[in-house]
Amino acid sequence: MQLDQRKTMILQAIIDDYINTAVPVGSRTISRKSGVGYSPATIRNEMSDLEELGYLAQPHTSAGRVPSVKAYRLYVDELMKDSRRLTSDERETMSETLSGRSRKIEAIIRNAATMLADTTHYTAVIVAPQLSTLRIRHLQLVPVSDKLALMIIVTNLSIVKDALVRIPEGIDADELYAISRTLTRRLADKPLDAVRQTFSEILRESGTYRRLMGEALSVIEKKLEEEDDASDIVVSGGPNLLNYPEFSDVNKAKNYFAVLESKEVLRELVRRDGGMDVTIRIGPENGVPALNDCSVVTANYRAADDAMGTIGIIGPIRMDYNRVMSILEYVSRALSEILSDMQ
């Protein structure tokens, strides 16, 4: 059933008030709001209808009403006023914080997560771009003993990964240097998850170094598998939600922090949707029972041609959606620009 104009206006006023106060909203409160223009009796009747339609709930018999998940979904999709755009001072502060002096993506992401948590007063989660989507810029084999070499991989975002590889007997430092130059030339600008084909070609061409090449490929594939199992995730502002009355219940708080400690759950939670647009999932829409009282707002940022990361905000269902969306839209664009300039 489509709501008429009066019900829509009253519902929007109730949601706006509850977002600000976390107190069940009564008819008198709404009747006093500027622009409503209806008596408390009329508003009570409309609130009863909205409750029957599933948009409102009444915690106690004598209490006011609170919005339901259905109401918040309607609010986000259709009713939310575009009135909380960032000020120029806020944008300038965020830009300075993000750019900083660091040229390392890990430091930039940590700064962004801290800034998001401090600005929104909710919990910020940032997932770094998957290692498999990054492109190789340089590969170096450095001897560390007669039987081992350190393989260092530098990507297009200056992310450095290293691992030990076994050296077949008889290969000296000069040969390792020559092999490093060959690998860098052949693998440059290729995504890490596409190295298998190139390695196969090199293996067919180089009988002498076949064992070393095979060992290097095995190590890279193992590294990629490890990264996929535990992607780099930064969480900031976890305790922020304890400031909201919804999380005064000890069990709710414990369940919430258990989610924050699970990188696998967080990765699935924030990476569920593609595209650069902001995505909002409310309460049970998250598919995580411990977050039934939370909303998760996410946006993707592009770190390179094929490398995508995700930023997300977790807060109470009554979060200030308009402001959170504005912040995420700005930060996703700013991060994309900063990381693109690093290539």
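Reader: At 29% relative accessibility, does E51 count as buried, exposed or partly exposed?

Author: This is a predicted model, and the answer rests on values computed from it. Buried would need a relative accessible area under 20% and exposed one over 50%, with the remaining class in between. Because the relative accessibility of E51 is 29%, E51 counts as partly exposed.

Reader: Which residue forms a salt bridge with E51, and which parts of the chain does the pair tie together?

Author: The closest N and O atoms of this salt bridge are 3.1 Å apart, and the partner of E51 is R65. R65 lies in the loop between strand 1 (56–57) and strand 2 (66–67) while E51 lies in helix 3, so the pair ties together parts that are 14 residues apart in sequence. R65 is buried, with a relative accessible area of 10%. The partner is therefore R65, which ties its loop to helix 3.

Reader: How many residues apart in sequence are the parts tied together by D49 and K7?

Author: D49 forms a salt bridge with K7, and their closest N and O atoms are 3.5 Å apart. Since D49 belongs to helix 3 (residues 40–52) and K7 to helix 1 (residues 5–21), the parts tied together are apart in sequence by 42 residues.

Reader: Where does E246 lie, given that its side chain meets that of R318 in a salt bridge?

Author: The side chains of R318 and E246 meet at 2.5 Å, N to O. The pair links distant parts of the chain, 72 residues apart, with R318 in the loop between strand 10 (308–316) and helix 12 (321–341). E246 lies in the loop between strand 7 (233–236) and helix 10 (250–260).

Definitions and conventions. Residues numbered from 1 in each chain as written. Predicted model: local features only at pLDDT ≥ 70, side-chain atom pairs only at ≥ 80, totals over all residues. Heavy atoms only, no water. Salt bridge = Lys/Arg side-chain N within 4 Å of Asp/Glu carboxyl O. Helix = DSSP H or I, 4+ residues; strand = E, 2+ residues; numbered from the N terminus. Buried < 20%, exposed > 50% of the residue type's maximum accessible area, 1.4 Å probe, protein only.
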